[in-house]
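The sequence and structure follow.

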Amino acid sequence: MREFQLPYGKGYKTVELPEKRIAGVLVSHLHDYKPEHTQEELVAEALAHPIGSRALSELAEGKQKVVIIASDHTRPVPSRIIMPLMLQEIRKGNPEAEITILISTGCHRESTKEELINKFGEEIAEKEHIVVHNCDEEAMIDLGKLPSGAELILNRLAMEADLLVAEGFIEPHFFAGFSGGRKSVLPGIAGRRTVLENHCSEFIDDIHSRTGILEGNRIHEDMIFAARKANLAFIVNVIIDSDKKIVHAVAGDCNEAHLAGVDFLCRYCKVDARPADIVITTNGGYPLDQNIYQAVKGLTAAEATIRKDGVIIMLAKSNDGHGAEYFYHTFQEEKDLEVLRQTFLDTPSERTVPDQWQSQIFVRVLQHARVVYISDAPDEVVKEFGMTPAHSMEEALEIADSMLGNPEGKITVIPDGVSVIVL
């Protein structure tokens, strides 16, 4: 027997599997990478040697209004480490700078005070000026058209800054290729209409809109354009391991530094598919497994290696339930997956509705495989999404074996589905 510790919320669930049933274990080799420096030293080193840019302290000279875009509560960015060092660099360049930390919620809900304290620590949360982006705010700025033809509408506070910078982290992303860099602007601080059109069904359906792909990815191309148009002058992006600890950091130009981070990550996170009848995966635990909406990301890793009509066992605590109203109601109102898929494809970009992209990708997964979902969400909610609820690994495996009619089916394990690019 072989034991696996699978991230679930802030803890783990354990499963033992017979060796003869294991087809493969897909893990990022970042788990084996041990940096020579502390987390603080890695970020400080990146700030001291920016890529494609002058130092942040130099950029801050003479700049009065400085805005730092920071990720929201749904992202495991170690802001407690990054933000103090960024603030220090900015104030080194201009001690009198008026600094605003702008939380890039995209179209997510507003971060709570408790979540901000958890993210930044009490001192920064209490003493710094923090504003949470609202994608439906009327006072936004229209910057013209994106390459796709969509309107580029961005947060006014950010656009009126003398210096705009951002923190973030880089991981594989299921349709933008990778997170980080330019995503701080789009979708981070964009208006709802801009986000919706960038995430339209045509782009989501494109084969280049997949995990680990930037070249030919039109969603990414819009995002890069938006970051440049917004004058995003500097980023600090980190790469984290399964314990959410920083193992690498890059800083500098929003594209050049990001690509350097992507190159580093790709050395460790690309894995070969191991086709199997059952694939066990997770969303990496807290904070990415707080709802069913976010769990779609981890499901796409399993999608890349599950055999047609196989069974995916997904572990995601989902203590916040479904996570998005439109996403939930989509599956309440229509159960026929092919009807849903065609409805998405027939929807023009300007009529994209909230969460349509997540629903579209989720439908793609469900048309390829069945899903057994281990969570704290109510069973009836899980069933609304066309999945089968379970409450333990033992129960989930019994259900999967029953669905397949084969108690000896091969199993591939992906302990962290959002950390790998399955080839």
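## Strand E19 and its partners

Val-279 stands opposite Thr-412 in E19. The strand that pairs with E19 here is E15 (residues 276-282), parallel to E19 and joined to it by 4 bridges. Strand E3 (residues 22-25) also runs parallel to E19, through 3 bridges, and Val-25 faces Val-413 in E19. Two strands count as paired if DSSP finds at least two bridges between them. Strands (E, at least two residues) and helices (H or I, at least four) are DSSP runs numbered from the N terminus.

E19 spans residues 411-414 and is covered on both faces. Ile-411 and Val-413 are buried on one side, Thr-412 and Ile-414 on the other; buried means under 20% relative accessible area with a 1.4 Å probe, protein chains only.

## Basis of the model

The model is predicted: local features need pLDDT of at least 70 and side-chain atom pairs pLDDT 80 or more, while totals for chains, interfaces and linings use all residues. Residues are numbered from 1 along each chain as its sequence is written, and side-chain values use heavy atoms, without hydrogens and water.

Ile-69 stands opposite Leu-102 in E5.

Definitions and conventions:
Buried < 20%, exposed > 50% of the residue type's maximum accessible area, 1.4 Å probe, protein only.
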